[in-house]
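Me: I have a chain open here and would like to go through it with you piece by piece. Could we begin with the charged side chains and then work towards the packing and the sheet?

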Amino acid sequence: MQKLFTSIFPALLIFGLITGGDNLSFAQEAFDADAATEAYLASIPAEDRAQSDAYFEGGYWLLLWGTLYSVLAAWVLLHFKISARLRDWAEKLTRFKFIHSYAYAVQYIAASFVIGFPWAVYVGFFREHQYGLANQTFGPWFSEQIIGLVVTMVLFSLLIAGLYKLIEKATRTWWIWGAGLVGAFFVFVLVISPVFLDPLFNEYTPMEEGPLRDEILSMARANGVPGDEVYVADESEQSTRISANVSGAFGTTRIALNDNLLENSNLGEIKSVMGHEIAHFVTNIIFVLIIPFSVVILAGFAFVNSTFPKVLKKYGQNWGVRSIADPAGLPLFFALIAVFSLVMTPVTNTIVRENERMADAYGLNAAQEPDGFATIALKLGEYRKLDPGPIEEFIFFDHPSGRSRIQMSMDWKAENLDEDEAASP
């Protein structure tokens, strides 16, 4: 894929160079944020736009096919009484209900992994290589899938066992308490991830001392982020994507960026990305998002609570599922959640997208690099559609589109820089 143009190109489009006799002078005009936005978008070759659009738009269909695949997998586990047999094996281990549920969940996750593996190979391996976004061979990729499977079996099984304990103890109101349990669980995972989970997949090494490291730490300190080190993750081993992260709490805070961002971006771009990630940390993204997502989870569990008994009444005896409190019904539980999640896609995407938009605004003020913010949006456009329609963005985008982000950065530039500063990206 062709390298993205630097920000000098739109600057030349906006500011005309006029010659007069033996002297050169620049024609100064009021900075036009709309024209600058169009110039940035026009700097990407049509063939590159077409490829990124095809990749991202293909993801729309993956939402549907992924949901259907999940429902099909649930049907296989239920129809052939695989789930019921897994429950029976779990019940032979001990008389404690919690351990029954945990043992069943471990087996269920393993079985789901096997059934879902062909889909995971297509979506996570072949398709990523098809669009030039992945670097791993199959062996290392598969090894990471196994690591993820083990982590899921250990941690997620605890959540499932806890959820079934709630269903057992509070049959009528479990869906209310369950939403709180899921919210607390994901806060826990996000807190421990920087130190305990992320290093399972990548090596994090301290960034070499130098001006860039000093700039990042200075911006972090200025915004109240604790930490005296910046870490670099070797994610180029896996993909070509750029990323960074400032996350953690209670002593697990980590400021990190991946080597793709470090090696393929200039100072302004890196500062823009780090400003955005610092915004997430400072605004307590974990706790900001947990409330609206808990409401969504609550609605999803209410849907399961009302629908599960109706399906069970018709098919439960054939499946060997006794009640909603029976772990053998977990495939049906997750199939209903998958359908609900598909319908709620615009809602969940909007929740995340608006939070990302706030982080963009904060990051622009923290980094004060509007052109770096614009060009990094173009680089993200290698795998995100740059210029969708408004309805398309509302339904399918969990981040602001490239156009929206560039427009925001150019509007910021128009409001915060004088004409001479705006003329030089």
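Me: Is Glu354 buried, partly exposed or exposed?
Reply: In this predicted model, Glu354 has a relative accessibility of 36%, so it counts as partly exposed.

Me: And which side chain does Glu354 meet in a salt bridge?
Reply: The side chain of Glu354 meets that of Arg357, with 3.3 Å from N to O. Both residues belong to helix α13, which covers residues 345–367, and they are three residues apart, about one turn of the helix. Arg357 has a relative accessibility of 25%, so this residue counts as partly exposed too.

Me: Why do Glu38 and Arg403 count as partly exposed?
Reply: Buried means under 20% relative accessible area and exposed means over 50%. Glu38 is at 39% relative accessibility, so it counts as partly exposed, and Arg403, with a relative accessible area of 23%, is partly exposed as well.

Me: What about Lys385 and Glu392, buried or exposed?
Reply: Both Lys385 and Glu392 are buried, and their side chains meet in a salt bridge at 2.9 Å, N to O.

Me: How many salt bridges does the structure hold, and which residues are linked in a network?
Reply: The structure holds 19 salt bridges. A network of them links Arg87, Asp88, Glu91, Arg322 and Asp326.

Me: Switching to packing, how many residues are in the largest nonpolar core?
Reply: The largest nonpolar core has 37 residues, and those with the most contacts inside it are Trp174, Phe301, Val304, Phe308, Leu330 and Phe333. The elements that give two or more residues to this core are α3 (46–79), α4 (82–91), α5 (97–130), α6 (138–169), α7 (174–197), α11 (285–319) and α12. The largest share, eight residues, comes from α6.

Me: Which residues is Phe333 in contact with, leaving aside its neighbours within four places?
Reply: With those neighbours set aside, Phe333 is in contact with Leu163, Trp174, Phe301, Val304 and Phe308. Apart from this core lies another one, of 27 residues, which includes Met207, Val230, Val246 and Ile278.

Me: Now the sheet: in what order do the strands come?
Reply: Four strands form an open sheet, ordered β3-β4-β6-β5, and the pairing is mixed. The edges are taken by β3 (204–206) and β5 (244–247), each of which has a single partner strand, so one side of each is left without a neighbour in the sheet. On average, neighbouring strands of this sheet are turned by 30 degrees against each other, direction ignored.

Me: How many bridges join β5 to β6?
Reply: Four bridges join β5 to β6 (residues 254–258), and these strands run antiparallel. Within this part of the sheet, Asn245 stands opposite Ala256 in β6. The two strands form a hairpin with six residues between them, and Gly248 in the turn has a positive phi of about 105 degrees.

Me: And in what sense do β4 and β6 pair?
Reply: Strand β4 (residues 230–233) pairs with β6 in the parallel sense, over four bridges, and Ala233 stands opposite Asn258 in β6.

Me: Why is β6 largely enclosed by the rest of the structure?
Reply: Five of the five residues of β6 are buried, so the strand is largely enclosed by the rest of the structure. Arg254, Ala256 and Asn258 point one way from β6, while Ile255 and Leu257 point the other way, and all are buried.

Me: Last topic, what pLDDT does the chain average?
Reply: The chain averages a pLDDT of 89, and 91% of the residues score at least 70. Among the elements of the chain, helix α12 (residues 330–343) has the highest mean pLDDT, 97, whereas strand β1 (residues 17–20) has the lowest, 32. Over residues 1–28 the pLDDT is below 50, and this stretch has 43 contacts in the model beyond near neighbours in sequence.

Methods:
Residues numbered from 1 in each chain as written. Predicted model: local features only at pLDDT ≥ 70, side-chain atom pairs only at ≥ 80, totals over all residues. Heavy atoms only, no water. pLDDT = per-residue confidence, 0-100. Contact = heavy atoms within 4.5 Å. Core = buried A, V, L, I, M, F, W, Y, C linked by side-chain atoms within 4.5 Å. Buried < 20%, exposed > 50% of the residue type's maximum accessible area, 1.4 Å probe, protein only. Pairing = 2+ DSSP bridges. Axes fitted to C-alpha atoms, helices over the stretch in contact; angles between N-to-C directions. Salt bridge = Lys/Arg side-chain N within 4 Å of Asp/Glu carboxyl O.
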